[in-house]
Amino acid sequence: MRSEQWISELLAKLAREGLERRLAVHPADGAVCDFTSNDYLNLSTHPDVVAAMQAGTMVGSGASRLVSGTREIHQEFEQQLAAYFGKPAALVFGAGYLANLGLLSSYLGRNDTVFADRLVHASLIDGIQLSDARHQRFQHNDAAHLEQLLVKTGTTRKPGERWLVVVESVYSMDGDVAPLAAIAELAIEHDAQLLVDEAHALGVFGPAGRGVAAELDISDQVPLVTGTLSKAFGSYGGVVVASDFVRQLLVNRARPFIYNTALPPALLLAASESLRIIGSQAGLGDKLLELAAHFRRELHEQGLEVGPSASQIVPVMVGDNQQAVQLAEALHERGILVKAIRPPTVPVGTARLRFSVTLAHNEQLLTHTAQAVAEAARSIGQLE
Ligand code: PMP
């Protein structure tokens with residue numbers, strides 16, 4: 001249709017630039033070795049997690065939280081989560097994406113300023129935009145640059161202007177870890193609040209998987225924590241962990257909370273069982289991090305560039321968009337499922353394969369995979 005000409009032009013342009021995206025059905029279980037999943041602890045298929053979900057008596061919640069969607073499991077899970085973090089309160093959202101949108105858009109207004117790492121997740125950026133706050137971006141994981149911006153902006157700070165520093169603890173596309181202690185100190189020194197998205201750290205880093213802030217023993221310096229139940233927890237949904245006041249603010253102001261149907265109880269029953277497992281089985285995260293370290297060493301030995309990864313997320317850097325897609329395809333032919341990550345998800349010129357190591361993998365398999373990556377890269381002329 002003529003009126004849709006612009007769409008076909010846009011799609012053709014994306015294809016020319018190697019940026020077209022297409023949905024693909026996940027191959028049957030066992031058909032490939034899967035490195036695309038954020039189900040880091042393999043809990044989405046854990047028999048106790050599946051059984052907990054099946055023991056429920058309802059799937060959907062039927063209404064939004066403020067209407068009649070708040071069931072006992074919502075209340076219970078939020079209390080469990082707050083206790084787990086040692087914080088006063090928690091609130092679940094329909095997804096991690098919505099948690100970030102909801103928190104940022106209700107916590108900040110147009111007269112406030114956000115200082116965000118330049119690689120923060122799209123959900124944080126969208127939340128900042130929705131808030132209308134002034135947005136300053138500092139170089140990735142660069143506390144010195146953050147300090148420069150705080151000092152410079154301080155000269156024009158108006159009375160009552162709220163400041164918020166926004167970072168992730170583990171970055172989703174590089175797998176590197178933020179210098180949280182230095183960032184938290186700067187936030188305090190400059191009278192700014194601090195939001196840490198621990199989406200990729202929960203269940204993996206810190207004592208009982210409580211995240212990087214807990215690992216560094218600086219949880220009390222991080223007033224606002226967000227995360228997701230869809231990665232290590234193997235379920236679905238988003239979380240904010242904060243003070244009672246912030247929780248009340250969100251219940252009253254966060255549109256992605258107020259106008260979204262309450263998270264299905266079935267998913268919370270599963271998440272609650274995952275929380276019990278993560279909290280009671282010591283060493284799950286450590287085991288995963290050891291596997292990832294093994295994989296990085298093997299990739300390195302093969303002459304592949306893994307960037308600054310220090311977590312279960314291990315990128316193999318390629319650079320060019322089309323070459324990244326080609327490499328992913330060459331690996332698929334070898335029975336390895338991994339996705340090429342391209343702009344705008346990552347900066348231009350830094351396309352990569354993002355390997356997500358999970359407890360479904362083992363050392364032998366990771367060694368074999370590193371060899372296969374090198375072989376595939378050689379076969380298409382990307383490695384000597
Ligand atoms: N924050 C980060 C850092 C993420 O990587 C993601 C998911 N990719 C989210 C938030 C959003 O979480 P969810 O998938 O639960 O919406």
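A residue is called buried when its relative accessible area is under 20%, exposed when that area is over 50%, and partly exposed in between, with a 1.4 Å probe and protein chains only. The structure above is a predicted model, in which local features need pLDDT of at least 70 and side-chain atom pairs count only at pLDDT 80 or more, while totals for chains, interfaces and linings use all residues. Residues are numbered from 1 along each chain as its sequence is written, and side-chain values use heavy atoms, with hydrogens and water left out.

We can begin with helix α1, which covers residues 5-16 and contains Trp 6; helices and strands here are DSSP runs numbered from the N terminus, a helix being H or I with at least four residues and a strand being E with at least two. Trp 6 counts as exposed because its relative accessible area is 56%. Together with Ile 7, Leu 10 and Leu 11, Trp 6 forms a nonpolar patch on the surface, and these residues share about 380 Å² of accessible area. Such areas come from the Shrake-Rupley method with a 1.4 Å probe, and for residues only the protein chains shown count as cover. A patch is made of residues with over 30% relative accessible area and no salt bridge, where nonpolar side chains (Val, Leu, Ile, Met, Phe, Trp, Tyr) are joined within 5 Å and like charges within 9 Å.

A patch of negative charge also lies on the surface, and its members are Glu 215, Asp 286, Glu 290 and Glu 363. Glu 290 belongs to helix α13, which spans residues 284-301, and Glu 290 is exposed because its relative accessibility is 56%.

Another salt bridge pairs Glu 161 with Arg 134, their closest N and O atoms being 3.6 Å apart. This pair links distant parts of the chain, since Glu 161 sits in the loop between α7 (143-154) and β5 (163-168) while Arg 134 sits in strand β4 (residues 134-138), 27 residues apart. Glu 161 is buried at 6% relative accessibility, and Arg 134 is partly exposed at 36%.

In the salt bridge between Glu 273 and Arg 276, the closest N and O atoms are 2.7 Å apart. These two residues are separated by about one helical turn because they stand 3 residues apart in helix α12 (residues 265-280). Glu 273 is buried at 15% relative accessibility, but Arg 276 is partly exposed at 44%. Salt bridges also link Arg 65, Glu 78 and Arg 247 in a network.

Leaving aside neighbours within four places in sequence, His 74 is in contact with Arg 65, Gly 69, Val 92, Ala 262, Leu 263, Pro 265 and Leu 268. His 74 counts as buried because its relative accessibility is 0%.

Val 222 is also buried, at 1% relative accessibility, and its place is the loop between α9 (212-215) and β7 (224-228). When residues up to four places away in sequence are not counted, Val 222 touches Lys 87, Leu 194, Val 196 and Ala 213.

Finally, the backbone deserves attention. Most residues other than glycine have a negative phi, and most peptide bonds are trans. Asn 141, in the loop between β4 and α7, has a positive phi of about 55 degrees although it is not a glycine, and Asn 141 is buried at 18% relative accessibility. Asp 191 likewise has a positive phi of about 55 degrees, but Asp 191 is exposed, with a relative accessible area of 58%. A cis peptide bond, with omega about 5 degrees, joins Pro 343 and Pro 344, and Pro 344 is placed in the loop between β11 (339-341) and β12 (351-356).

Conventions
A salt bridge is a side-chain nitrogen of Lys or Arg within 4 Å of a carboxyl oxygen of Asp or Glu. Lys and Arg count as positive and Asp and Glu as negative; His and the chain ends are not counted. The place of a charge is taken as NZ of Lys, CZ of Arg, CG of Asp or CD of Glu. Contact means heavy atoms within 4.5 Å.
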